[in-house]
Amino acid sequence: VVQPHLSEQWVKRYIERFTSLKAVEIKDRNARNLPPADIYVFRYTNLAAWVDCVETLGIKTAGFDEVQELRHGRNTEKGRGADAFADAAENILGLTATPIYNYGSEIWNVIEYIAPGALGTWFEFTLNWCRHDGSHYIVNDPQALGAYLHDEGITLRRTSADAEVAATL
């Protein structure tokens with residue numbers, strides 16, 4: 001699942017160029033039977049239209065590129081659509097090079113798609129990790145939360161300080 005302007009790039013630049021997998025780009029909200037493929041590339045903007053038939057797609061892995069798109073949770077159309085895709089999949093992967101914007105609600109919502117329950121309930125998460133500041137819950141110690149998520153195997157952070165990453169830059 002990708003941002004709308006990246007769906008063609010994912011099919012042509014990444015999947016077709018680097019694999020022998022068959023990819024189909026889904027550009028619309030017209031839920032229907034799809035041709036057989038190894039990978040279906042959906043846009044966040046059309047996920048909600050596929051909620052009722054996502055089970056028929058046989059999804060084994062749901063990958064959410066720019067996963068911060070799900071920071072508002074299940075209260076949005078794309079959030080409810082992503083929820084259906086995540087529920088239908090055996091494996092869930094979130095990708096991003098953009099950090100979450102330090103609101104506790106955002107990181108909790110994103111992690112709920114990737115590893116449901118890993119941060120506890122909303123109440124437990126806010127009690128243990130956040131402070132209330134006006135209309136937002138702010139993570140008290142982002143470094144500690146990041147370390148916890150890394151230690152639990154929920155996140156992987158790669159930076160140019162990693163020798164393997166630096167060698168490819």
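Biologist: Which strand gives the largest share of the lining of the second largest pocket?

Modeller: Strand 3 does, with five residues. Keep in mind that this is a predicted model.

Biologist: How much space lies in that second largest pocket?

Modeller: About 530 Å³. It is lined by 25 residues, and the closest to its centre are Ile39, Tyr40, Thr61, Ala62 and Gly63.

Biologist: Which elements give two or more residues to the lining of the second largest pocket?

Modeller: Helix 1 (7-18), strand 2 (39-41), strand 3 and strand 4.

Biologist: And how does the lining split by class?

Modeller: The lining has 18 nonpolar residues, four polar ones and three charged ones.

Biologist: Back to strand 3. Where is aspartate 65, and is aspartate 65 buried or exposed?

Modeller: Aspartate 65 is in strand 3.

Biologist: What does aspartate 65 touch?

Modeller: Leaving out residues up to four places away in sequence, aspartate 65 touches Val1, Val2, Leu6, Trp10, Tyr44 and Leu95.

Biologist: How far is the C-alpha of aspartate 65 from that of alanine 144?

Modeller: The two C-alpha atoms are separated by 24 Å, and the residues are 79 apart along the chain.

Biologist: What about glutamate 66, where does that lie?

Modeller: Glutamate 66 lies in the loop between strand 3 and helix 2. Its phi is near 50°, which is a positive value in a residue other than glycine. With 17% relative accessibility, glutamate 66 counts as buried.

Biologist: On to helix 2, then. How many residues does helix 2 have, and how far does it reach?

Modeller: Helix 2 covers residues 77-88, which is 12 residues. From its first C-alpha to its last it reaches 17 Å, close to the 16 Å expected at 1.5 Å a residue.

Biologist: Which residues of helix 2 are buried, and what covers them?

Modeller: The buried ones are Gly79, Gly81, Ala82, Asp83, Ala84, Phe85, Ala86 and Ala88. Their cover includes strand 3 (61-65), strand 4 (91-95) and helix 3 (104-114).

Biologist: Why is helix 3 described as largely enclosed by the rest of the structure?

Modeller: Because 10 of its 11 residues are buried.

Biologist: What do strand 5 and strand 6 form, and which residue in the turn has a positive phi?

Modeller: They form a hairpin with two residues between the strands. Glycine 134 is in the turn, and its positive phi is about 70°.

Conventions
Residues numbered from 1 in each chain as written. Predicted model: local features only at pLDDT ≥ 70, side-chain atom pairs only at ≥ 80, totals over all residues. Heavy atoms only, no water. Pairing = 2+ DSSP bridges. Helix = DSSP H or I, 4+ residues; strand = E, 2+ residues; numbered from the N terminus. Expected span 1.5 Å × (residues − 1). Buried < 20%, exposed > 50% of the residue type's maximum accessible area, 1.4 Å probe, protein only. Contact = heavy atoms within 4.5 Å. 1 Å grid on protein atoms, 1.4 Å probe; cavity = no way out; pocket = protein on both sides within 12 Å on 5 of 7 lines; lining within 4 Å. Points joined across faces, edges and corners; volume = space filled by probe spheres on them. Nonpolar A, V, L, I, M, F, W, Y, C, P; charged D, E, K, R; others polar.
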